[in-house]
Amino acid sequence: MRILIYGIHFHPEPIGIGKYTGEMADWLAGRGHEVRVVTAPPFYPHWRAFPGHCVWKYSRERFRLENGNGKTSDPQHVQGPDVEVFRCPTWVPENPNGTKRLFHLASFGVSSVPSILRQVGWSADIVLLVEPTLFCALQTLLVARWSRAKAWLHIQDFEVDAAFGLGYLSSSPVRNLAFALERRILSAFDRVSAISDRMVDRLSAKGVDPSRRILFPNWVDTSEIYPLAGHSPFRKELGITESTVVALYSGSMGKKQGLDLLVEAARQLSHRPNLRFVFCGEGPFRQILVDNVKDLPNVSLLPVQPADRLNDLLNLADIHLLPQLSDAADLVMPSKLTGMMASGRAIVATAHPGTQLFGVLEGRGIVTPPGDVDALVSTLLQLGEEPSLREQLGQEARRYAVSHLNRDEILQRFERSMLNACGISSLDAGIGSFAKQTEKLAVQGSAIAVGNTSDD
């Protein structure tokens, strides 16, 4: 297939949507598909342009994952062509709030119009929009129709729900208009996928027919993220003793993460020298977090770590912390959860019973009510004193990751859904992949033959 991916986040953003979209594009290219991406310059989670990129310029580049991150056990994996990436100017605010975020998303929606319309001549089979942002929906639908391609919307965040649920917008007339427009947009796509069962169910309430709804969860490479036999090297680097219990938060630092709760828990437990909090990440809340914990002796801070140190970082934790604001439940499914579970460590999250997060962690972690600092502190004390319980929960989480969150299995199911949407059978796709492998081997064989002739 020819697959055109359209979204504001992409590689080399190390966490969140950009990480998953980059891995997806690379995996699809590795299966022999032709992949193009229209995106913004990388900026997340720092909210500033990465070195070597400019937020005010159009640029074009080629991309494939390196250093083993693109490896797969899939026998149909081939060395396909590079992914072509078209980057578009995007306004990136230093301190994003509700209004600034809207302008930020809208700036990409406008600036990307020339780049996405230019792809009509490429004749894609699928045009895949990753939400956020719906500011790109009209362009996606036009390009898909003009290319005679399938229009596919993949929802990582319900951005309209989140904008009102998190208080970015509050006007009732605006709310009614926004939800009406969203419903109209969703009805125009040939397929709509989301990353959790509850989010897929929510699509029904938004008028999406069951035949067009697809579950496409985030994943983890369980061969890259796994429990270490010994202690993480981060303990020595941070001066944390082997007997100290580490409670780790790692990820984006923004409003929806509810980090105030963790700061208050750390303050209440500051007299416990055997329990240490580590906060790792970037985002608009980071400086506030730094200011709030600067007088706490039981807190360490780390910046976002490179991909080759992610497993060491996740293994630093004895307890993973996953706070969520109450109003964010089931609007987003935290992408960081996959790595937490694969690392085989205990997880403490905040969520209400009946939410997707609560169901996933039942028996594999401990869930406390959102905003209830006393319940969180009590749970941390319990886990700190019961290493056997931590080990049991970590093992169950790891088992779930291996059986339900495996990268190749999830992406293969998604690929089959895309093939079906295009009317291509899996057998035909397999023959095409086999042909590409045969062609590659023939080229290699010819090169070897020429080389041998030269040597003679």
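Modeller: First, a term. A crossing of two helices is right-handed if the near helix is turned clockwise from the far one by less than a right angle, and left-handed if it is turned anticlockwise. Keep in mind, too, that this is a predicted model.

Now to the helix pair itself. Two packed helices are described by the angle between their axes and the distance between the axes. Take helix H9, residues 260-268, and helix H10, residues 286-293: the angle is about 15° and the axes lie 11 Å apart. Angles under 35 degrees count as roughly parallel, so H9 is roughly parallel to H10. The crossing of H9 past H10 is right-handed.

Which residues of H9 and H10 meet? From H9 come Asp260, Val263 and Arg267. From H10 come Leu289, Asn292 and Val293. By class, this contact of H9 with H10 holds three nonpolar residues, one polar and two charged.

Helix H1 covers residues 16-30 and helix H16 covers residues 407-421. Their axes are 11 Å apart, and the packing angle is about 70°. Since 65 to 115 degrees counts as roughly perpendicular, H1 is roughly perpendicular to H16. On the H1 side, Glu23, Met24 and Trp27 make the contact. On the H16 side, the partners are Arg407, Asp408, Leu411, Gln412, Phe414 and Glu415. The contact of H1 with H16 has four nonpolar residues, four charged and one polar.

Strands of a sheet pair through backbone hydrogen bonds, either parallel or antiparallel. E5 and strand E6, residues 150-155, pair in the parallel sense over six bridges.

The loops hold some backbone details. His11 and Pro12 are joined by a cis peptide bond, with omega about 15°. Pro12 sits in the loop between strand E1 (2-6) and H1. Another cis peptide bond joins Glu131 and Pro132, with omega about 5°. Pro132 belongs to the loop between strand E5 (126-131) and helix H4 (137-147).

Trp47 is not a glycine, yet it has a positive phi of about 60°. Trp47 lies in the loop between strand E2 (34-39) and strand E3 (59-63). Buried means under 20% relative accessible area, so Trp47, at 6%, counts as buried. Ser123 also has a positive phi of about 60° without being a glycine. Its place is the loop between helix H3 (113-117) and E5. Ser123 is partly exposed, at 40% relative accessible area.

Elsewhere, look at strand E13, residues 346-350. Five of its five residues are buried. In a regular strand the side chains alternate between the two faces of the sheet. Ala346, Val348 and Thr350 point one way from E13, while Ile347 and Ala349 point the other way. E13 pairs in the parallel sense with strand E12 (residues 319-322) over four bridges. There, Leu322 stands opposite Ala349. E13 also pairs in the parallel sense with strand E14 (residues 366-368), over three bridges. Thr350 has Thr368 of E14 as its bridge partner.

Last, the whole chain. The protein chain has 17 helices and 14 strands. It has 456 residues, and 54% of them count as buried. Among contacts between residues at least 6 apart in sequence, 73% join residues at least 24 apart.

Key:
Residues are numbered from 1 along each chain as its sequence is written. This is a predicted model: local features need pLDDT of at least 70, side-chain atom pairs count only at pLDDT 80 or more; totals for chains, interfaces and linings use all residues. Side-chain values use heavy atoms; hydrogens and water are left out. Axes are lines fitted to C-alpha atoms, for helices over the stretch in contact, and angles run from 0 to 180 degrees between N-to-C directions. Helices (H or I, at least four residues) and strands (E, at least two) are DSSP runs, numbered from the N terminus. Angles under 35 degrees count as roughly parallel, over 145 as roughly antiparallel, 65 to 115 as roughly perpendicular and the rest as oblique. Contact means heavy atoms within 4.5 Å. Ala, Val, Leu, Ile, Met, Phe, Trp, Tyr, Cys and Pro count as nonpolar, Asp, Glu, Lys and Arg as charged, and the others, Gly among them, as polar. Buried means under 20% relative accessible area, exposed over 50%, partly exposed in between (1.4 Å probe, protein chains only). Two strands pair if DSSP finds at least two bridges between them.
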